[in-house]
Amino acid sequence: LYALRLKACTEDQRDLIIEEITQMGVAVNVHFIPMPMLTVFKNLGYKIEDYPVAYDNYSREISLPIYPQLTNEQVDFICETVITSYKKVVLND
């Protein structure tokens with residue numbers, strides 16, 4: 001995985017960016033979920049509001065594919081897809 005933190009973006013925008021990227025054929029996801037957001041910790045009384053940095057990182061981070069067999073062309077395509085999706089969703093281009 002390659003964790004990418006998006007600048008100046010909300011959680012909802014991050015989710016829209018993931019949808020855009022996925023529609024273009026690139027598999028991305030969210031892999032970092034703060035512990036206070038997990039059911040077991042919620043049930044123990046932890047609140048994500050008490051961990052603003054963890055939530056901020058979670059809300060703006062996506063995981064990109066990375067593995068040795070990726071060609072330079074595939075890496076370029078992934079980068080272009082991320083940039084295009086970010087511009088469309090966050091910058092309204």
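1. Overall make-up. The chain's secondary structure comes to four helices and two strands. Helices (H or I, at least four residues) and strands (E, at least two) are DSSP runs, numbered from the N terminus. The order along the sequence is β-α-α-α-β-α.

2. Basis. This is a predicted model: local features need pLDDT of at least 70, side-chain atom pairs count only at pLDDT 80 or more, and totals for chains, interfaces and linings use all residues. Residues are numbered from 1 along each chain as its sequence is written, and side-chain values use heavy atoms, with hydrogens and water left out.

3. Extent and surface. The C-alpha atoms fill a box of roughly 45 × 35 × 20 Å, taken along the principal axes. Of the 93 residues, 32% count as buried. Buried means under 20% relative accessible area, exposed over 50%, and partly exposed in between (1.4 Å probe, protein chains only). The chain exposes about 6,300 Å², with carbon and sulfur atoms supplying 57% of it. These areas come from the Shrake-Rupley method with a 1.4 Å probe; for residues, only the protein chains shown count as cover.

4. The strand pair. S1 and S2 pair in the antiparallel sense over four bridges. Two strands pair if DSSP finds at least two bridges between them.

5. Ser63. This residue of strand S2 counts as buried because its relative accessible area is 5%. Its side chain makes a polar contact of 3.0 Å with that of His31. A polar contact is a pair of N or O atoms within 3.5 Å; within protein, one must be able to donate a hydrogen and the other to accept it, and residues adjacent in sequence count only if both atoms are side-chain atoms. Beyond residues up to four places away in sequence, Ser63 touches several others, including Leu1, Tyr2, Ala27 and His31. Contact means heavy atoms within 4.5 Å.

6. Helix H3. The buried residues of H3 (52–59) are Asn57, Tyr58 and Ser59. They pack against strand S1 (2–5), helix H1 (11–23) and strand S2 (61–64).

7. Salt bridges. The whole structure holds five salt bridges. Each is a side-chain nitrogen of Lys or Arg within 4 Å of a carboxyl oxygen of Asp or Glu. Arg14 forms one with Glu11, the closest N and O atoms being 3.8 Å apart. Arg14 and Glu11 are separated by about one helical turn, because they are three residues apart in helix H1. Arg14 is buried, at 2% relative accessibility. Glu11, Arg14 and Asp15 are linked in a network of salt bridges.

8. A link across the chain. Glu20 forms a salt bridge with Lys88, the closest N and O atoms being 3.2 Å apart. This pair links distant parts of the chain: Glu20 is in helix H1, Lys88 in helix H4 (residues 72–89), 68 residues apart. Glu20 is buried at 17%, whereas Lys88 is partly exposed at 44%.

9. Nonpolar patch. Ile33, Met35, Leu38, Val40, Leu44, Tyr46 and Tyr51 make a nonpolar surface patch of about 660 Å². Patches are made of residues with over 30% relative accessible area and no salt bridge: like charges are joined within 9 Å, nonpolar side chains (Val, Leu, Ile, Met, Phe, Trp, Tyr) within 5 Å. Met35 sits in the loop between H1 and helix H2 (39–43). Met35 is partly exposed, at 49% relative accessibility.
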